[in-house]
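Work through the exercises below with the model open. Each task is followed by a solution in steps.

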Amino acid sequence: MATDASMAVRAGRGARGIGGFVVVTALTFLGLLAITFFIGRVVPIDPVLSVVGDRATQEQYDAARIAMGLDRPLLVQFFDYVWSVMQGDLGRSISTNRPVADDLLRVFPATLEMATLGIFIGVVLGVPAGVWAATRRGEWVDQLMRVFALLGYSVPAFWLGLVGLAVFYAGLGWVAGPGRLDIFYEGLVPARTNVMLIDAALAGDWDVFRNALSHLLLPASILGFFSLAFIARMTRSFMLDQLGQEFITTARVKGVPEWRVIWVHGFKPIRVPLITVIGLSYAALLEGSVMIETVFSWPGIGNYLTTALLNADMNAVLGSTLVIGSVFILINKVSDVLYRVLDPRSR
Amino acid sequence: MSTRDWLLDDSPATLTQANLGRAWRMFSALMRNPLAVAGLLIILLLLATALFAPWIAPESPVGQNLQRRLLPPSAEHWMGTDELGRDIFSRVVYGSRITLMIVALVAVISAPLGLIIGAVAGYFGGWVDRILMGLTDVFLSLPKLILALAFVAALGPGIENAIIAIAITAWPAYARIARAETLTFRNAEYIQAVRLVGGSHGRIIFRHVLPLCTSSMIVRVTLDMAGIILTAAGLGFLGLGAQPPLPEWGAMISRGRTFILDQWWVATMPGFAIILVSLGFCFLGDGLRDVLDPKQGGEK
């Protein structure tokens, strides 16, 4: 009886947790929309003037203002804005003269490709590095990791990109330069997914694949460096927590081999918090890609955003902000939920 | 009785003595941490450079001389010259003033804003808390750089707008800290006592709650400085922050972008200045956290 009741309470709590999650996420999205709407309002460029031009008469101006719905109360305009965004309408870009939503769908895979390889590099190198630093606490490996992590907070991404280009492309010639492909590989494979590596693999064109990888490697590694710094530091701190526990001492006393103590007994409990950390750094990578894409002329969402900024193309700026913000919120919330589902203590 | 003994006296006679003693203990704890000392030295160097820029820099930061453009680093021009023949070292020296101004203004705007919002939310609770913290959470869950970019796009490029945009994205973290701290002593007896003697809400918040949040706030602001410097440099790099001919480090890197393959020094040199100063704030922040906020220093 008692267990049934407590089970029901727990199930109820779980349901409320999920319901609360949906409500909180929805409110956060609404907040994001309110911010982009507000930014669109405070813009010094008069949207009506940019449509009718300087020479329009007062009547033409007023007519355009009413036609654009700018005479209505702000709240009505806001809900109108929310409604059109929900239908996937982000307005038209004045520089590409296409719907912003279409533009974003076209450029987003390029960003995703770079960020995904970046996080892969960050996890594959960062997690073992963090564990290693934790087992050699205070030794040179640990000190090196500490300096490395602090550099991750202090080096400007765009500067590292430029130096990387100067050293590895111009100096050593190890990788290809800016852009996604060399000019003579352009357009050889049909764009099915807009992820160059997958498209090339699907077409079976391995020359294009190698060239795309060579272009991708440097920007992705630089992005990866920043997530590596963060992931390694967090892994080290989680691992140190575990290694100080009594069950680790018990395992050692029982004669369990050291690699097993570290990678099985020590590592298992930190997998769950690590997922959250990896999720957070993936979201941060999407943000960092704005700078890296500008440096590498990478045709992703970051480059689209900065080009739009310089052209004062507000629809494109707000659309990109909205998409990057939404992905950021979604990744954050999902890693939050994953943590709650996977870690029995937080239930 | 030496000054040191007076400072470390276990039973201070006056409030001033107690405060000075506390400050002295913290300072000596900080001095025992080599990284924190390094950070402090770097920041003192930044301050001195900004203050004495005209005496340190061998040349004017804006004076052009097209006959000696793009010269590599040499004894005469330590960091080489840029595409208009300006001495890069002199520009980096003057640039320290801009960097210092940006971090100082962002801190002065966003820290008090966050403090007051957080303290009000935590002190009053209920609906005030829910609305203010809801707003804070929305800002916290958005990417800072992107938000700053969008705000600058709306306000127009320029260093003042860049500062405002960065401040807008920086306050939520401080509000969270201030609220958490306020909650811990909202119902403390000494607050009740102030209320009983008729202290107003404003007086309680400003005189008795906020001063207790300052130490964790100082730590957080110092740790955030590196991020603020990077964001400001990023805005400058994209052409949205400081405008030419201002010698802002990020904008200087952006100018050097065109020459990166042949004249590497133009873009590289200002970057070292950014890294050095950011590292300085990171080191000092880490050290301050260990001294002022031992409970958060679990990583050591």
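**Exercise 1.** Is B:Ser96 buried or exposed?

Solution. This is a predicted model, in which local features need pLDDT of at least 70 and side-chain atom pairs count only at pLDDT 80 or more, while totals for chains, interfaces and linings use all residues. Residues are numbered from 1 along each chain as its sequence is written, chains are lettered from A and ligands numbered from 1 in the order in which they are written, and side-chain values use heavy atoms, with hydrogens and water left out.

Step 1. Apply the cut-off: buried means under 20% relative accessible area, with a 1.4 Å probe and protein chains only. B:Ser96 has 2% relative accessibility, so it counts as buried.
Step 2. List its contacts (heavy atoms within 4.5 Å). Apart from neighbours within four places in sequence, B:Ser96 touches B:Leu46, B:Thr49, B:Ala50 and B:Trp249.

**Exercise 2.** Explain why helix 13 of chain A is largely enclosed by the rest of the structure.

Step 1. Helix 13 spans residues 301–310 of chain A, and it is largely enclosed because eight of its 10 residues are buried. Among them are A:Ile301, A:Tyr304 and A:Leu309.
Step 2. Find the cover. It includes helix 5 (100–135), helix 12 (271–295) and helix 14 (314–342) of chain A, and also helix 7 of chain B.
Step 3. Look past the helix: A:Ala312 follows, with a positive phi near 50°.

**Exercise 3.** Describe the interface of chain B and chain A.

Step 1. Chain B brings 41 residues to the contact and chain A brings 48.
Step 2. About 3,800 Å² is buried between the chains, 78% of it from carbon and sulfur atoms; buried area is the accessible area (1.4 Å probe) that two parts lose on being put together, summed over both.
Step 3. The rule finds one salt bridge across the interface, the criterion being a side-chain nitrogen of Lys or Arg within 4 Å of a carboxyl oxygen of Asp or Glu. A:Arg146 pairs with B:Asp286, the closest N and O atoms being 3.2 Å apart.

**Exercise 4.** Where in chain A is confidence lowest?

Step 1. pLDDT is the predictor's confidence in each residue, from 0 to 100. Its mean over chain A is 82.
Step 2. The lowest confidence is in helix 1 (residues 2–42), at a mean of 68. Over residues 1–13 of chain A pLDDT stays under 50, and the model has zero contacts there beyond four places in sequence.
Step 3. Where pLDDT is low, predicted coordinates should not be read in detail.

Key:
Buried < 20%, exposed > 50% of the residue type's maximum accessible area, 1.4 Å probe, protein only. Helix = DSSP H or I, 4+ residues; strand = E, 2+ residues; numbered from the N terminus.
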